[in-house]
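Biologist: I am new to this structure. Please take me through how its features are read.

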Amino acid sequence: MKLTRLPSRIQNYYIARERQDEELPWVRPGDLSTLALPRPVVVVNGAFDLLHAGHMKVIFAARKRAGTVIVAMDSDERVARKGTGRPILRFPERARALEFMPVDYIVEINNDKDMARLLSATKCDLRVQGFEYRGRPTKFPDIPKCFVRVGAMSTTKIVDRIKKCLV
């Protein structure tokens, strides 16, 4: 499979999706297992709706520890479960925002099965998450985690502050 690069300053940025999107180059998540990914492979996951400093801190912490950084970004349908009006930005918009971050791949995650398939295909070495996720049960206990303190940043809190300004 020929991988198409984004016409951007990020030379190794790809979108991994189950379905093709005209705006974004793509590769199927399972195809990542056929690539010789520089080790260690570090996965960061989340919605990344309204990219903020907390997201950036987690991604840069992952980059420091990684040969390959993969962002497992929740699908629009998965983000919609967070509440009314979500996602604020659709998947292609959220992926474009990450184009300027030091990531190698973005994989659309629809469910836990997709996440398990991604972690298995890439032989993930480490997962990096915000500190607020520390102590929560994990569905993938065999993969080490690193937690990054991001302060009080959260998209939900930002949205709430915006709503207060509109009243």
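Biologist: Among the contacts in the protein chain with a separation of 6 or more, what share comes from residues 24 or more positions apart?

Modeller: A contact means heavy atoms within 4.5 Å. Residues 24 or more positions apart account for 69% of the contacts in the protein chain with a separation of 6 or more. Before going on, note that this is a predicted model, in which local features need pLDDT of at least 70, side-chain atom pairs count only at pLDDT 80 or more, and totals for chains, interfaces and linings use all residues. Residues are numbered from 1 along each chain as its sequence is written, and side-chain values use heavy atoms, with hydrogens and water left out.

Biologist: How many helices and strands does the protein chain have, and in what pattern?

Modeller: Helices (H or I, at least four residues) and strands (E, at least two) are DSSP runs, numbered from the N terminus. The protein chain has 5 helices and 7 strands. Along the sequence they follow the pattern β-β-β-α-β-α-α-β-α-β-β-α.

Biologist: What percentage of the residues in the protein chain is buried?

Modeller: Buried means under 20% relative accessible area, exposed over 50%, and partly exposed in between, with a 1.4 Å probe and protein chains only. Of the 167 residues in the protein chain, 47% are buried.

Biologist: How do I read the two faces of a strand, and which residues of β5 lie on each side?

Modeller: In a regular strand the side chains alternate between the two faces of the sheet.

Biologist: Which residues form the covered face of β7, and which the uncovered one?

Modeller: In strand β7 (residues 145–148), C146 and V148 form the covered face, while K145 and F147 form the uncovered one.

Biologist: In what sense do β4 and β5 pair, and over how many bridges?

Modeller: Two strands pair if DSSP finds at least two bridges between them. Strand β4 (residues 68–74) pairs with β5 in the parallel sense over 5 bridges. I70 stands opposite Y105 of β5. Strand β6 (residues 126–130) pairs with β7, also in the parallel sense, over 4 bridges. There, V128 is opposite C146.

Biologist: Now a helix. Which residues of α4 are buried, and which are exposed on the other side?

Modeller: D114, M115, L118, L119, A121 and T122 are buried in α4. They lie on the same side of α4, because they cover an arc of only 165 degrees around the axis; the arc is that of the directions from the helix axis to the C-beta atoms. K113 and S120 are exposed on the other side of α4. The cover over the buried residues of α4 includes β3, β4, β5 and β6.

Biologist: Is D114 buried or exposed, and what does D114 contact?

Modeller: D114 belongs to helix α4, residues 112–122. D114 counts as buried because its relative accessible area is 9%. Leaving aside its neighbours within four places in sequence, D114 is in contact with E108 and I109.

Biologist: How many disulfides does a search of the whole structure find?

Modeller: A disulfide is a pair of cysteine sulfur atoms within 2.5 Å. The search finds 0 of them. C124 is buried, with a relative accessible area of 10%, and C146 is buried at 16%.

Biologist: Which ring does the charged end of R149 sit over?

Modeller: A charge sits over a ring if NZ of Lys or CZ of Arg is within 6 Å of the ring centre and within 35 degrees of the ring normal. The charged end of R149 sits over the ring of F131, 3.9 Å from its centre.

Biologist: Which residues are joined by a cis peptide bond?

Modeller: P40 is in the loop between β2 (26–27) and β3 (41–46). Another joins R86 and P87, with omega about 0 degrees. P87 is in the loop between α2 (76–80) and α3 (91–98).

Biologist: What is the phi of F48, and what is that of L50?

Modeller: F48 is not a glycine, and its phi is positive, near 55 degrees. L50, also not a glycine, has a positive phi of about 60 degrees. F48 is found in the loop between β3 and α1 (53–65), and L50 lies in the loop between β3 and α1. F48 is buried, with a relative accessible area of 5%, whereas L50 is partly exposed at 21%.
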